[in-house]
Amino acid sequence: MPGGGRCPDCGSTELVEDSHYSQSQLVCSDCGCVVTEGVLTTTFSDEGNLREVTYSRSTGENEQVSRSEQRGLRRVRDLCRVLQLPPTFEDTAVAYYQKAYRHSGIRAARLQKKEVLVGCCVLITCRQRNWPLTMGTICTLLYADLDVFSGTYMQLVKLLGLDVPSLCLAELVKTYCSSFKLFQASPSVPAKYVEDKEKMLSRTLQLVELADETWLVTGRHPLPVITAAAFLAWQSLQPSYRLSCSLARFCKSANVDLPHPASSRLQELLAVLLRMAKQLAWLQVLKLDKRSVVKHIGDLLQHRHTLVRAAFQDGMAEMETQKELQGRGQGEEVGSSSLGLPQGKRPASPALLLPPCMLKPPKRICPTPTVSTVTGDENISDSEIEQYLRTPQEIRDFQRAQAAGQAATSVPNPP
Amino acid sequence: MPSAPSRAPRPLAYWVIPQLPTADPLPMDEETETYLELYLDQCAVQDDFVPPRSPLFSPVVPYVYTPNPSNPETTFNSHLESKETSGNFSSVDLSFLPDELTQENKDQAVIRSKHETEENSETQSQQSRLPLPSGQDVGPGSDSSSLSNSRSHLHPGDANSIQSAPAKPNCNSSPLASITPMTPMTPVSECCGIVPQLQNIVSTVNLACKLDLKKIALHAKNAEYNPKRFAAVIMRIREPRTTALIFSSGKMVCTGAKSEEQSRLAARKYARVVQKLGFPARFLDFKIQNMVGSCDVRFSIRLEGLVLTHQQFSSYEPELFPGLIYRMVKPRIVLLIFVSGKVVLTGAKERSEIYEAFENIYPILKGFRKA
């Protein structure tokens, strides 16, 4: 080989490629020494001599793709295929896994953590490409605990110094709603329950946007909100047949798990819709409740922006909105009194647009902190310390009780 | 508030000001002006009254007024005596004096507003705190020695003016702590009146002797020891309500106190208990390892917006935790920010770090007040 090969015996650089019974060989033209047979990987030191060596001493070992890393990379590819991700995602996820594996903390981690790491790499890839994959899905697929997953995920993000964008809510709505089995009649789905996918998707999206605007999404897991919104959207498209269906039954028909917080999200969303309904004159008359408001969700969503602005006020209420409402209230007062409603009834004054945790009364009153005048150097009286010490009699009693307890536990079982 | 940039700094005794007779150029009916301003107006007339010696103005020398009045003080006092007001101080606002000297307790807010104006003028002058002159000018019955003691505590609290102010530990500093706004004690936040409250202090101390944990668990009522679960004795005391982990090497961790002094007192009590049990326990290397504070900004916060603009510091995963984790770089504090406006600050070694971190985060949060 003209490039850099030296014969180990005579040191000459005149190596010729020759073949011996169709096996390629490198032979020194000076002394005839066979430098190498076949083309295999070599150690660094033998690279010059192009000698054949065992794998364990070869350069292949220097690439340091250990067995466990190889296993992990295979798992990453498998997970990407199971999730039916686009092919480019696979390469990115594999690259993240390899990058993570460079760190000694990851290399020395338990197998459970390495397994979870696979999921973290896939999740980060999906998040960066706006693919709506939830942590719950990955944990279910990997049979992993969410606590372990969250710890590994936070550690990985910090370790690699990554910018991971938030979950894209709109995409999640589309993916999640598409997984509902309500778009075709089947034994579990009565005819009246079947719904058009596009209509349901668009209405669910509008409801989720409404929830986001009215502080129902911040700080909460996104999925239960979407479940509640999908349920309301589905109900409102044909209320006459579907009002009798409960949230649990809906999820069962749609073949989707019912997340536990979904029912409270549903109540919150209905409360928001009710407050919006109170701003519409023709709905205010009807005295809607949580069930009847569902029939009017279409109207409410159509005008949702103005209604939200009208129905709610920020903590710092603008005087204009107040006056606007009072003006409207005047008109409606006249209208309502003509219908025989009690005098002085106005549309509900704007409620505060706040997250539900701020609207609920505090569970316990925070005690005002007392100003303490402790200096840290006060005298400590003996009596105060002695109250924490056992008297000799108490020590004896305690020891006796301990011995008795141990004797009881160490009694051998009768054969 | 008019500032006084051109006036030479001089020792002040602003509790005297309102009582000066009408012959004084002071406008007596100006109640809106603070005492500081009133006094400085007066001083503008007496410009030849500059004290020759001014230890106050050098940035290094701590602002400590010696008990024996120096020239400026005697001249000042004599000047005041010429306009002697007699001992009648009933109308004087003595609210900023320690409780033992005043007759009534006024609002802290009064003190704070005074401090604010004080600090405003301070940026121009080097002068930080006011000495109380000798005892004769103070309210009746006050001990001049106690005053001079307390005077030595009027340290410059402003971190930017004088850094190396050594504290006088043997005097009763706590009453005057309310007057001298050392940044650790009463932070005057420019942005709002919200002060984070300390909720937990974690500290460690070395008792410097090997301990027999079984013996401790046997002889102490308030100890629990389960070697299979954890290799330390868990001891609790009632006052201050804290918990300690005591290891066989002699090291101890004390948690649950609400202030640094309480943590130190609690650690000393635990060391005393260990001593009483017969071990030669000492109290070495007491160090506060972590302080946790919390407060409420009282408005809702759009966490999604905050994570978008402060991506490099924030981590917001609603699937995992409802709050946003903000890792502030300077000071190195971790803040948990919730949608309700509650903020938890942790990772501090000093109280001032918590206050500083909150001062830094409050304007950022205000920016996310509306949707």
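1. Across the interface of chain A and chain B, the rule finds 20 residue pairs in polar contact, with both residues at pLDDT 80 or more. A polar contact is a pair of N or O atoms within 3.5 Å; within protein, one must be able to donate a hydrogen and the other to accept it, and residues adjacent in sequence count only if both atoms are side-chain atoms.

2. This is a predicted model, in which local features need pLDDT of at least 70 and side-chain atom pairs count only at pLDDT 80 or more, while totals for chains, interfaces and linings use all residues. Residues are numbered from 1 along each chain as its sequence is written, chains are lettered from A in the order in which they are written, and side-chain values use heavy atoms, with hydrogens and water left out.

3. The rule also finds six salt bridges across this interface, a salt bridge being a side-chain nitrogen of Lys or Arg within 4 Å of a carboxyl oxygen of Asp or Glu. Lys269(B) and Glu384(A) meet through their side chains in a salt bridge, at 2.4 Å from N to O.

4. On the side of chain A that touches chain B, the elements giving two or more residues include α7 (135-142), α10 (197-213) and α21 (392-409). The most, five residues, come from α8(A). Helices are DSSP runs (H or I, at least four residues), as are strands (E, at least two), numbered from the N terminus. By class, this side has 22 nonpolar, 12 polar and 15 charged residues. Ala, Val, Leu, Ile, Met, Phe, Trp, Tyr, Cys and Pro count as nonpolar, Asp, Glu, Lys and Arg as charged, and the others, Gly among them, as polar.

5. The contact (heavy atoms within 4.5 Å) takes 49 residues from chain A and 44 residues from chain B. The two chains bury about 4,200 Å² between them, 57% of it on carbon and sulfur atoms. Buried area is the accessible area (1.4 Å probe) that two parts lose on being put together, summed over both.

6. The largest nonpolar core has 90 residues, of which Phe250(A), Met276(A) and Ile337(B) touch the most other members. Such a core is a set of buried Ala, Val, Leu, Ile, Met, Phe, Trp, Tyr and Cys residues joined through side-chain atoms within 4.5 Å. Buried means under 20% relative accessible area (1.4 Å probe, protein chains only). Not counting residues up to four places away in sequence, Ile337(B) touches residues including Ile301(B), Tyr326(B) and Leu365(B).

7. Chain B has nine helices and 10 strands. Of its 371 residues, 49% count as buried.

Terms used. Buried means under 20% relative accessible area, exposed over 50%, partly exposed in between (1.4 Å probe, protein chains only).
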